[in-house]
Amino acid sequence: MSTTPSRVFAARLVGLPIFDPQGDQVGKVRDLVVAMRAEGTQPRVLGMVAEVFGRRRIFVPMTRVTNIDSGHVYTTGLLNMRRFEQRSTETLVIGQMLDRTVTIKDSGVTGSVYDVAMEPARNRDWVLSRVAVAEPSKGFRRRGQTHVVEWRDVTGLSRVDDTQGATHLIAALNEMRPADAANILHDLPAERRTAVALALDDERLADVLEEMPEDDQVEILKGLDSERAADVLEEMSPDDAADLVRDLPPETAEILLELMEPEEAEDVRRLMSYVEDTAGGMMTSEPVILGPDATIADALAHVRNPELTPAAAALVYVCRPPLETPTGKFLGVAHIQRLLREPPSTLVAGALDDSLEPLRPESTIEEVAAHLATYNLVAAPVVDEDKRLLGAVTVDDLLDHMLPTNWRDRARSSRTGGTR
């Protein structure tokens, strides 16, 4: 490790790509695993939690890490692909150590941990050597002072902190893609997961919940008070909210639907009325819908919305008013590639593809898959018998329903146990 920096801060490692000796990326760093020792004694860094392709979390021992630079981690390439399971003697640096309340011995200053640094010891083990501490903010918009001190100079890191906050972990999660943040949240101990979920704002929590296994979604939602849970459901896309509400006890589901805004609740109830694993049960009720008098410029402005998935942004659905689902008569779709080739001032009605037969809400999952494959589509409209647009099925909706239940946590049971 001659070219490895002598000190590496944990928060800067998260998200770095991990490469094998041939230069192929094999995963990303998600956390550090340490063994805590007596108060004041530097914890030994056992290894890294890495996310490999397929979102599986594995353990990479530090003995397999050959080099760390400013933007990459290199390994020997010999990785055990068994799913990472945290042991009772282990602590996750990002997931469990950030935001702990500590006291600096010499000054008596109390603050929260916002980062820790590791470095190689004389015996070639890696240990946690420095602690970055932030004092509480002082007054309106005044940030508290920060300190970077030796590990032995703080107290409070070796005990469980029942009052541990979530400020710095939340900041780290907010920098990640929702799917990555969901994986971090999933791996936290139950109590810590609930505390962090409570600290996320409604919109961010909704984005993260959409990427979590069903069991985690239900557990987190049950940990919220009813009004907060209803607010989070309103921030979720209606199809994801409907799937989650279906998994709740009927009494709880009805309470939350009553607390939601009527229009939002109506969308969820309507989607829940369709049979699961049909076009109606998979579709979103909020595709990009425009009237025939909209221009190409209007359409492009709508599909530029960064909150849209690529599949949802691939088609614009043109309908007669009303433009909320169920709409007036469905006229056709405009493909994004066609929109890019037309003058911005042209009416979107002039770029319509009305040759494709829409799906019906009762179309089976096999029929939806065959339809998308036959016409090389990533999305398709769903209409009722009166040719009103009900919603749209996207390829990511289809995959969510075709993959096994809890696919995000797939093969967990077959990969637990054993040695690393």
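Tutor: Axes here are lines fitted to C-alpha atoms, for helices over the stretch in contact, and angles run from 0 to 180 degrees between N-to-C directions. Keep in mind that this is a predicted model.

Student: OK. How do the axes of α8 and α10 cross?

Tutor: At roughly 70°, and they come within 9 Å. Helix α8 covers residues 226–235, helix α10 residues 250–259. An angle of 65 to 115 degrees counts as roughly perpendicular, so α8 is roughly perpendicular to α10.

Student: Which residues meet there?

Tutor: From α8, Ser226, Glu227, Ala229, Ala230, Leu233 and Glu234. From α10, Ile255, Leu256 and Leu259.

Student: And how many are nonpolar, polar or charged in that contact of α8 with α10?

Tutor: Six nonpolar, one polar and two charged.

Student: Switching to α4. What angle does α4 make with α6?

Tutor: Their axes cross at roughly 85° and come within 8 Å. Helix α6 is residues 202–209. The two are therefore roughly perpendicular to each other.

Student: Which residues make that contact?

Tutor: Pro178, Ala181, Ala182 and Leu185 of α4 meet Arg204, Asp207 and Val208 of α6. By class, that contact of α4 with α6 has five nonpolar and two charged residues, with no polar ones.

Student: Where does asparagine 183 sit?

Tutor: In helix α4, which spans residues 178–187.

Student: Is asparagine 183 buried or exposed?

Tutor: Buried, because its relative accessibility is 8% and the cut-off is under 20%.

Student: What is asparagine 183 in contact with?

Tutor: Glu51, Arg55 and Arg57, leaving aside neighbours within four places in sequence.

Methods. Residues numbered from 1 in each chain as written. Predicted model: local features only at pLDDT ≥ 70, side-chain atom pairs only at ≥ 80, totals over all residues. Heavy atoms only, no water. Helix = DSSP H or I, 4+ residues; strand = E, 2+ residues; numbered from the N terminus. Parallel < 35°, antiparallel > 145°, perpendicular 65-115°, else oblique. Contact = heavy atoms within 4.5 Å. Nonpolar A, V, L, I, M, F, W, Y, C, P; charged D, E, K, R; others polar. Buried < 20%, exposed > 50% of the residue type's maximum accessible area, 1.4 Å probe, protein only.
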